[in-house]
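Work through the exercises below with the sequence and the coordinates at hand. Each task is followed by a solution in steps.

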Amino acid sequence: MKKELIYFLYIILSKLPDKLIVGFWFKMITKIRARVLGWMPNNKVGKNVRVYRNVRTNKKSKLIIGENSAIKENCILIGNIEIGNNCNILNNTKIDGTGKVIIGDNTHIGRENDIFSHYHEIKSKDILVNKSKEVPQTTIIGNNVMLFSRVGVMSGLTIEDNVVIGYGSVVTKNCEKNFIYAGNPAKKIGERT
């Protein structure tokens, strides 16, 4: 019963406007949302986390969010997700933690990104695609990574530390540390020196 009440309280808080008449409200409501999110039984939320309006999750999700991180408006965080310290996840990003998603420290996830941690087993033509089996995997995004907007990250991949992924890219293979990737599928286009 307690879990349902906390979830219900979070849903109400998630709908309240971020900006009222004064800036004080903005600072308070984003931190209150984060605190209530941390009260849910499976979640751990660090200090100074800010959760903006209409960030969606569910009662079954397991969220770990490090200190000084921010989750912006209209994000969807469902499943088993770990977010490091000093991270920003911008508007309308969807993180699917069906398997597990791990995001390192000081990482910036731009607007409208899709990060997956499962795929559907669709090789057999004898199985209807809408009945195909979900296969959970672990997706890892390292420390000091920048994903520009509208990036897709497929399941089971590792994006190592200090990587930049360009706008509109689709990551289908692991990304080596200290490189810049772009395109569909994403390929190395430069090195971070």
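A residue is called buried when its relative accessible area is under 20%, exposed when that area is over 50%, and partly exposed in between. The model used throughout is a predicted one.

**Exercise 1. The end of the sheet**

Task: Determine how many of the 5 residues of S19 are buried, and find the place of S19 in its sheet.

Solution. 
Step 1. Apply the 20% cut-off to S19. Of its 5 residues, 0 are buried, so S19 lies largely in the open.
Step 2. Write down the strand order. The sheet is open, has 8 strands and mixed pairing, and runs S2-S4-S6-S8-S13-S16-S18-S19.
Step 3. Identify the partner of S19. Strand S18 (residues 179-182) pairs with S19 in the antiparallel sense, over 4 bridges. In this pairing, isoleucine 180 has glycine 190 of S19 as its bridge partner.
Step 4. Examine the connection. S18 and S19 make a hairpin with 4 residues between them, and glycine 183 in the turn has a positive phi of about 110 degrees. Proline 185 also belongs to the loop between S18 and S19. The peptide bond between asparagine 184 and proline 185 is cis, with omega about 0 degrees.

**Exercise 2. Parallel pairs**

Task: State which strands pair with S5, and in what sense.

Solution. 
Step 1. Start with strand S3 (residues 62-65), which pairs with strand S5 (residues 76-83) in the parallel sense over 4 bridges. Isoleucine 65 is opposite isoleucine 83 of S5.
Step 2. Go on to strand S7 (residues 94-103), which is parallel to S5 and joined to it by 7 bridges. Here the bridge partner of glutamate 82 is isoleucine 102 in S7.
Step 3. Strand S8 (residues 108-109) and strand S13 (residues 146-147) are parallel, with 2 bridges; isoleucine 109 has leucine 147 in S13 as its bridge partner.

**Exercise 3. Polar side chains and their contacts**

Task: Decide whether asparagine 113 is buried or exposed, do likewise for threonine 139 and serine 155, and list polar contacts of each side chain.

Solution. 
Step 1. Asparagine 113 sits in the loop between S8 and strand S9 (114-115) and is buried, at 0% relative accessible area. A polar atom of its side chain is 3.3 Å from the backbone oxygen of phenylalanine 148. Beyond its neighbours within four places in sequence, asparagine 113 touches residues including Asn92, Thr93, Leu147 and Phe148.
Step 2. Threonine 139 is part of strand S12 (residues 138-141) and is buried, at 0%. A polar atom of its side chain is 3.1 Å from the backbone nitrogen of glycine 156.
Step 3. Serine 155 lies in the loop between strand S14 (152-153) and strand S15 (158-159). At 13%, serine 155 is buried. Its side chain makes a polar contact of 2.6 Å with that of glutamine 137 and reaches the backbone oxygen of histidine 118 at 3.4 Å.
Step 4. Check for a link between these residues. Thr139 is among the contacts of serine 155, and Ser155 is among those of threonine 139.

**Exercise 4. Positive phi**

Task: Where are asparagine 68 and asparagine 74 found?

Solution. 
Step 1. Asparagine 68 is in the loop between S3 and strand S4 (70-71). Its phi is positive, about 60 degrees, although it is not a glycine; it is partly exposed, at 33%.
Step 2. Asparagine 74 is in the loop between S4 and S5. Its phi is positive and near 60 degrees, and the residue is partly exposed, at 29%.

**Exercise 5. The largest pocket**

Task: Which helix gives the most residues to the lining of the largest pocket?

Solution. 
Step 1. Take the volume: the largest pocket holds about 200 Å³ of space.
Step 2. Count by element. Helix H2 (residues 23-39) gives the most to the lining, with 6 residues. The lining includes Met28, Lys31, Arg35, Val45 and Asn48.
Step 3. Sort by class: 5 lining residues are nonpolar, 3 polar and 3 charged.

Note on methods. Residues numbered from 1 in each chain as written. Predicted model: local features only at pLDDT ≥ 70, side-chain atom pairs only at ≥ 80, totals over all residues. Heavy atoms only, no water. 1 Å grid on protein atoms, 1.4 Å probe; cavity = no way out; pocket = protein on both sides within 12 Å on 5 of 7 lines; lining within 4 Å. Points joined across faces, edges and corners; volume = space filled by probe spheres on them. Nonpolar A, V, L, I, M, F, W, Y, C, P; charged D, E, K, R; others polar. Pairing = 2+ DSSP bridges. Buried < 20%, exposed > 50% of the residue type's maximum accessible area, 1.4 Å probe, protein only. Polar contact = N/O pair within 3.5 Å; in protein donor to acceptor, adjacent residues only side chain to side chain. Contact = heavy atoms within 4.5 Å.
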